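Cut-offs are given where a term is first used.

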Amino acid sequence: MATLSQASGSPDHGRSTGIAARIRRTRLRLLLALRITIIVVGGYFLMSGFAALLGLFLHTMALNISDAMLWSAMLGFILYIPLIMWAFAAPPRHHPATVILTLALGTCAFAAYLTPTSMPA
């Protein structure tokens with residue numbers, strides 16, 4: 001038996017068009033946009049903090065500072081892509097955006113703490 005919306009020829013195809021449904025759809029779109037923003041920007045900050053820490057580590061291992069930063073930046077870029085892929089592939093119940101944001105804040109804070117205030121010439 002056809003529902004009333006199907007029988008009347010309404011283009012909504014049986015979907016509810018009330019204000020609550022519109023608010024729910026808008027809320028879901030905003031949450032998705034927030035999740036995408038956190039993953040992309042947080043992933044960038046995570047990899048920049050990782051690159052800074054790796055560059056400091058490689059420099060302490062007797063590698064030239066320019067070479068150390070070059071290698072760490074390249075590795076950070078290479079690791080950024082799988083991080084983004086994992087974050088979008090992981091189910092939302094694993095909270096990938098929260099994991100990325102927490103690690104990004106931690107690595108950036110740790111890199112800022114370890115970075116000397118003035119680099120020797």
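## Surface and burial

The accessible surface of the protein comes to about 9,000 Å², and carbon and sulfur atoms hold 73% of that area. Accessible areas come from the Shrake-Rupley method with a 1.4 Å probe, and for residues only the protein chains shown count as cover. The model is predicted: local features need pLDDT of at least 70, side-chain atom pairs count only at pLDDT 80 or more, and totals for chains, interfaces and linings use all residues. Residues are numbered from 1 along each chain as its sequence is written, and side-chain values use heavy atoms, with hydrogens and water left out.

Of the 121 residues, 23% count as buried. Buried means under 20% relative accessible area, exposed means over 50%, and partly exposed lies in between (1.4 Å probe, protein chains only).

## Fold

The protein has 4 helices and 0 strands, in the pattern α-α-α-α along the sequence. Helices (H or I, at least four residues) and strands (E, at least two) are DSSP runs, numbered from the N terminus.

Among contacts between residues at least 6 apart in sequence, 68% join residues at least 24 apart. A contact means heavy atoms within 4.5 Å.

## Nonpolar patch

Which residues form a nonpolar patch on the surface? They are Leu32, Ile36, Val40, Val41, Tyr44, Phe45 and Phe88, with about 640 Å² of accessible area together. Patches are made of residues with over 30% relative accessible area and no salt bridge; like charges are joined within 9 Å, and nonpolar side chains (Val, Leu, Ile, Met, Phe, Trp, Tyr) within 5 Å. A salt bridge is a side-chain nitrogen of Lys or Arg within 4 Å of a carboxyl oxygen of Asp or Glu.

Helix α2 (residues 19–60) gives the most to this patch, with 6 residues. Tyr44, a member of the patch, has its place in helix α2. Tyr44 counts as exposed because its relative accessibility is 54%.

## Packing of α3 and α4

Helix α3 (residues 65–89) packs with helix α4 (residues 96–114) at an angle of about 145°, and their axes are 8 Å apart. Axes are lines fitted to C-alpha atoms, for helices over the stretch in contact, and angles run from 0 to 180 degrees between N-to-C directions.

On the α3 side, Leu83, Trp86 and Ala87 meet Pro96, Val99 and Ile100 of α4. The residues of this contact divide into 6 nonpolar, no polar and no charged. For this count, Ala, Val, Leu, Ile, Met, Phe, Trp, Tyr, Cys and Pro are nonpolar, Asp, Glu, Lys and Arg are charged, and the others, Gly among them, are polar.

## Residues inside the helices

Ile39 is in helix α2 and is buried, with a relative accessible area of 0%. Leaving out residues up to four places away in sequence, Ile39 touches Ile84, Ala87, Phe88, Ala97 and Ile100.

Ser72, in helix α3, is buried with a relative accessible area of 0%. Aside from neighbours within four places in sequence, Ser72 is in contact with Ala51, Leu54 and Gly55. Asp67 is in helix α3 and counts as partly exposed, at 34% relative accessibility.

## Helix α4

Is Thr107, at a relative accessible area of 17%, buried or exposed? Thr107, which lies in helix α4, is buried. Not counting residues up to four places away in sequence, Thr107 touches Phe45, Leu46, Gly49, Phe50 and Leu53.

Leu103 is in helix α4 too, and at 44% relative accessibility counts as partly exposed. Leu103 and Phe45 are 58 residues apart in sequence and 9.0 Å apart in space, C-alpha to C-alpha.

## Positive phi in loops

Ala62 is found in the loop between α2 and α3. Phi of Ala62 is near 70°, a positive value in a residue other than glycine, and Ala62 is exposed, with a relative accessible area of 75%.

His95 lies in the loop between α3 and α4. Phi of His95 is near 50°, again positive in a residue other than glycine, and His95 is partly exposed, with a relative accessible area of 48%.
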